[in-house]
Amino acid sequence: MNELVEVNNLTKVYEKKKLALDHMNLTIPRGRIIGLLGPNGSGKTTLIKLINGLLEPTEGEILVNGRRPGPESKACVSYLPERTYFQGSMKVSELISYFTDFYQDFSPERARQMLANLKISEDARLKTLSKGTKEKVQLIMVMSRQAQLYILDEPIAGVDPAARDYILKTIISNYSEMSTVLISTHLITDIAQVLDEVVFIRDGRVVLQDTVEHIRETRGKSVDAFFREVFAC
Amino acid sequence: MLGKLLKHEWRAVWKVPVLLYGVLLLTGLIAGLTFSMPIWDSDWVGLPMSGVMLILMFYFALIGVSVGITIYFAVRYYKSMFTDEGYLTHTLPVSARELLLNKVITMGAWNLITMAAIVLALIVFGGTALLALKSGLGEFSREVFKAFSELPELLDEPYMEGFEGFCASIIWMMLATAFSGTMMLIGSITLGQMVRKHRILGSIGAYFGIQAITQTINTVVIMPFMFTVFEDWWWDVDSPFYIFTGFYVVMSLVTLAVAVGLYFLCEYLIRKKLELE
Amino acid sequence: MAWKLDSDRPIYAQILEVMQLRIIAGVYRSGEKIPSVRELAAEAGVNPNTMQKALAELEKEGLVMAQRTSGRIVTEDMEMIKQTREQLAREQVQEFIDKMEKLGFNKKEVVALLEQMEVKDE
């Protein structure tokens with residue numbers, strides 16, 4: 001079987017010659033929870049957008065299940081962007097039917113259950129929900145898919161501790177076995193303990209990719225402490 | 001997948017245009033009914049004036065509805081493709097072609113429906129007006145009826161030859177405009193996205209750019225046709241309609257060609273140059 | 001016995017401690033099924049693989065047993081639970097004594113202090 005994601009010599013230059021990714025190489029295996037860590041502006045979101053086919057590489061390539069991003073890869077990648085992407089006029093129930101129609105791996109029962117747990121009415125229009133609730137609805141939709149790869153872009157940035165716990169619990173209890181969860185963040189402290197592996201990136205390059213356990217064994221310190229050491233400002 | 005896209009698109013958009021059509025038909029009806037009111041022969045100028053105002057209101061409703069629907073669909077296209085909503089739109093497991101075709105088909109279809117609604121509103125207006133006038137007796141209504149009764153005779157005149165073909169060309173032109181108008185809108189907005197920092201200004205600029213290009217091509221294509229017409233044709237036919245028909249067909253073919261070109265350009269830009277903020 | 005995990009010590013060892021405590025305290029009763037790896041991991045906010053490892057260790061110690069029909073039950077061997085309880089108690093006391101020694105107390109003084117505190121409590 002092909003690797004889940006292979007990134008070969010990937011370069012992305014935005015207009016105005018801003019170099020976001022610099023000949024990056026990376027392999028994302030199956031069945032792991034991986035932290036994509038790096039300071040703001042290090043290229044995390046650019047990499048994520050490229051995997052999701054929202055950007056075209058300037059150079060190099062990305063392969064998801066051995067193929068370039070396209071309808072097939074989008075069918076098996078579940079993506080939580082930083083932005084809320086709903087049409088405000090939609091009802092929660094309409095959003096569920098939208099996901100059910102487009103994503104074969106989407107489980108409406110699971111989504112309904114999680115929404116009911118939060119007491120979110122399916123008749124509610126999305127624009128009437130608070131920002132925090134919208135973000136939770138979006139997370140529920142994304143995690144109700146049985147995807148091969150979940151990509152969560154800064155899921156816990158700017159949320160309170162209770163919401164953070166809810167988010168982490170939702171991720172852990174819903175991602176499917178054998179699938180990989182890629183979580184990007186610049187706040188490693190809060191999520192270090194859920195990770196199998198970390199990828200440190202800086203200036204569009206991979207600085208380090210290792211298992212959390214191996215880092216602890218060889219460096220004698222937590223990933224959190226190590227991260228601060230690597231990215232000491 | 002295109003079918004599912006169309007289904008959800010349809011479900012999301014039908015309310016606004018249908019509401020606007022309702023308003024349009026209602027104003028048409030009201031404007032038509034003014035003819036049955038005994039206001040036209042009144043001595044006080046205020047009464048016929050308010051009748052005129054009601055008819056003008058219908059006229060503005062006609063313009064307002066078509067402009068409103070165009071803006072509604074333009075904004076919707078922009079939002080679902082290029083704003084935060086784009087993060088969902090472009091991560092659906094569908095191709096760029098399906099995404100774009102969905103928009104073109106939906107917007108084109110609503111353009112046609114809007115044209116039909118306008119025709120219907122005109123019929124409602126004219127119909128109620130005619131019914132009202134038939135029962136009325138005033139000087140004004142007699143004049144109107146006289147004009148209408150002379151219409152059939154008009155068609156038999158030699159200079160009306162080719163009128164049916166002309167009508168057909170107008171219908172064809174409307175069909176072509178439904179599609180090319182849509183592409184003009186989609187093309188301007190999509191091209192405007194390439195001006196990353198000023199996307200809306202870019203769209204407006206692109207709109208005038210596309211218009212200018214279409215006009216230029218039209219002129220270039222029409223020129224030789226005009227010369228042929230004036231040299232060989234003009235003096236042999238009695239009716240001007242053949243020439244109008246010819247112009248319309250050529251012009252609509254040019255706009256269609258531009259629209260098809262725009263379609264492929266947009267598809268390429270969405271596939272390769274998408275850059276969501 | 002909530003999950004309070006700190007990043008300075010291996011998560012796996014901390015999970016193990018919490019689970020042992022829960023069994024000793026009867027949160028999970030002898031012979032009863034414990035929650036699944038996924039549920040426990042979500043509750044603790046840790047990686048399921050880490051939780052899996054900790055439960056495997058508990059199994060090795062004999063505190064829980066894997067069932068044929070997936071899932072784990074707490075051992076019915078009360079003696080085993082008692083032993084674990086005592087062992088943990090010993091570890092705690094040892095740690096306490098070590099600290100007291102650092103403060104310059106000898107065993108006798110420690111015992112005297114404990115008795116004195118007991119009297120106060122009553």
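This is a predicted model: local features need pLDDT of at least 70, side-chain atom pairs count only at pLDDT 80 or more; totals for chains, interfaces and linings use all residues.
View 1. As for burial, 34% of the 122 residues of chain C count as buried.

**View 2. Dimensions of chain C.** The C-alpha trace spans about 55 × 35 × 25 Å along its principal axes. The radius of gyration of chain C is 18 Å. A compact globule of 122 residues would come near 14 Å.

**View 3. Fold of chain C.** The chain holds 3 strands and 5 helices. Read from the N terminus, their order is α-β-α-α-β-β-α-α. Consider the contacts in chain C with a separation of 6 or more. Of these, 49% come from residues 24 or more positions apart.

**View 4. Chain pairs.** Two pairs of chains touch, and the pair with the most contacts is A and B. Chains B and C share no contact. The closest C-alpha atoms of chain B and chain C lie 27 Å apart.

**View 5. Confidence along chain A.** Chain A has a mean pLDDT of 91. In this chain, 99% of the residues reach 70 or more. Which element of chain A has the highest confidence, and which the lowest? Strand E5 (residues 77–80) of chain A is highest, at a mean of 96. Helix H8 (residues 223–230) of chain A is lowest, at a mean of 83.

**View 6. Surroundings of A:Asn8.** A:Asn8 sits in strand E1 (residues 5–14) of chain A. Is A:Asn8 buried, partly exposed or exposed? Its relative accessible area is 27%. Buried means under 20% and exposed means over 50%, so A:Asn8 counts as partly exposed. Leave aside the neighbours of A:Asn8 within four places in sequence. A:Asn8 is then in contact with A:Met24, A:Asn25, A:Gly60, A:Glu61 and A:Leu63.

**View 7. The pair A:Asn8 and A:Asn25.** In sequence, A:Asn8 and A:Asn25 are 17 residues apart. In space, their C-alpha atoms are 4.9 Å apart. A:Asn25 is also one of the contacts of A:Asn8. On the A:Asn8 side, the residue belongs to strand E1 of chain A.

Note on methods: Residues are numbered from 1 along each chain as its sequence is written. Chains are lettered from A and ligands numbered from 1 in the order in which they are written. Side-chain values use heavy atoms; hydrogens and water are left out. Helices (H or I, at least four residues) and strands (E, at least two) are DSSP runs, numbered from the N terminus. The radius of gyration is taken over C-alpha atoms; the globule rule is 2.2 Å times the number of residues to the power 0.38. Buried means under 20% relative accessible area, exposed over 50%, partly exposed in between (1.4 Å probe, protein chains only). Contact means heavy atoms within 4.5 Å. pLDDT is the predictor's confidence in each residue, from 0 to 100.
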